[in-house]
Amino acid sequence: MGKPSLVNQTAVSDFLLLGLSERIEEQPLLFGLFLGMYLVTVVGNLLIILAISSDPRLHTPMYFFLANLSLTDACFTSASIPKMLANIHMQSQTISYSGCLAQLYFLLMFGGLDNCLLAVMAYDRYIAICQPLHYSTAMSPQLCALMLGMCWVLTNCPALMHTLLLTRVAFCAQTAIPHFYCDPSALLKLACSDTRINELVIISMGLLFLTVPLMLIVFSYVRISWAVFGISSPGGRWKAFSTCGSHLTVVLLFYGSLMGVYLLPPSTHSSERESRAAVLYMVIIPMLNPFIYSLRNRDMKEALGKLFGSGKTFFLP
């Protein structure tokens, strides 16, 4: 009586992604804008990876994790933007049930991996500045590979768990998602079955992949600040802190955009606000990362110069 009509999850064939705008006249502008940003993101991050892998001087823990962060950013953006562009081009809003679950899994995994890598990179800077004599042992290639593997496992398992739990959810007849991607919270709002376990997993993942890495980053930079301000020479202080500037900029942009949405009172939440914030941390920040890490980094500039000068530009004129 008065209960929403149910559709078994196996019978749900498609969801509707309403996108950033439903106005027909705005679609060509959105397509051109997001295609340009996506190409810059992928090309920029691939250039970072190629520059680091081709220059032996950059075969250090800091650049090892930077290369993995660039790969993660390219994959994170690729999990949602190509489908958005395809829908705009085809003048369609649909995404298949299996496609939506696959997209959700990759977004959760690469989003969590981004957080984990930012925390590991902060730890790397903490060891380099606060315990330089122990850096070669504390950040040995074996330990770096172990930390990277742990990040992959810690992000893959909860993402897979949440995706599999979602296959047990029964959805109502209304399957419109007011975003340009399969947002987990928006999906649960479409459910007509009990979603308490799913919501608990989302909260747990939020605590694990937002709070814990952020606490590690804050702890690392507090210790770094103490060490830097303990240096008597202003030039020495600037040189020590300059190695953290790019990473700190990315951290502030990434976590600032997330907190701007998820830490606001529920009464201020709206699908439009959440979509704009998602564009910031899923598209714009991954696009800016190559510029942030290379423009003020002499070693990266030289590596990129050698890459272009050696004829290994591949897809660039």
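A few notes on this predicted model, for you to follow along in the structure.

1. Let us start with residues 63-82. Over this stretch the chain is 90% helix and 0% strand, with the end C-alpha atoms 28 Å apart. The unreviewed UniProt entry places a "transmembrane region" feature here; the others it gives are at 29-51, 102-123, 143-161, 200-222, 243-265 and 277-295.

2. Another of those annotated spans, residues 29-51, is 100% helix and 0% strand in the model. Its end C-alpha atoms lie 33 Å apart.

3. The C-alpha atom of L50 is 8.5 Å from that of A67, although the two residues are 17 apart along the chain.

4. Now to a helix pair. Helix 6 (residues 141-166) and helix 8 (residues 196-229) pack with their axes 10 Å apart and at an angle of about 165 degrees. The two helices are therefore roughly antiparallel, as angles over 145 degrees count as such. The crossing of helix 6 with helix 8 is left-handed.

5. Which residues make this contact? From helix 6 they are L154, T155, P158, A159, M161, H162, L165 and L166; helix 8 brings I197, N198, V201, I202, M205, L208 and F209. By type, the contact of helix 6 with helix 8 has 12 nonpolar residues, three polar and no charged.

Note on methods: Residues numbered from 1 in each chain as written. Predicted model: local features only at pLDDT ≥ 70, side-chain atom pairs only at ≥ 80, totals over all residues. Heavy atoms only, no water. UniProt positions renumbered as here; feature names shortened; annotations may be inferred. Helix = DSSP H or I, 4+ residues; strand = E, 2+ residues; numbered from the N terminus. Axes fitted to C-alpha atoms, helices over the stretch in contact; angles between N-to-C directions. Parallel < 35°, antiparallel > 145°, perpendicular 65-115°, else oblique. Left-handed = near helix turned anticlockwise from the far one by under 90°. Contact = heavy atoms within 4.5 Å. Nonpolar A, V, L, I, M, F, W, Y, C, P; charged D, E, K, R; others polar.
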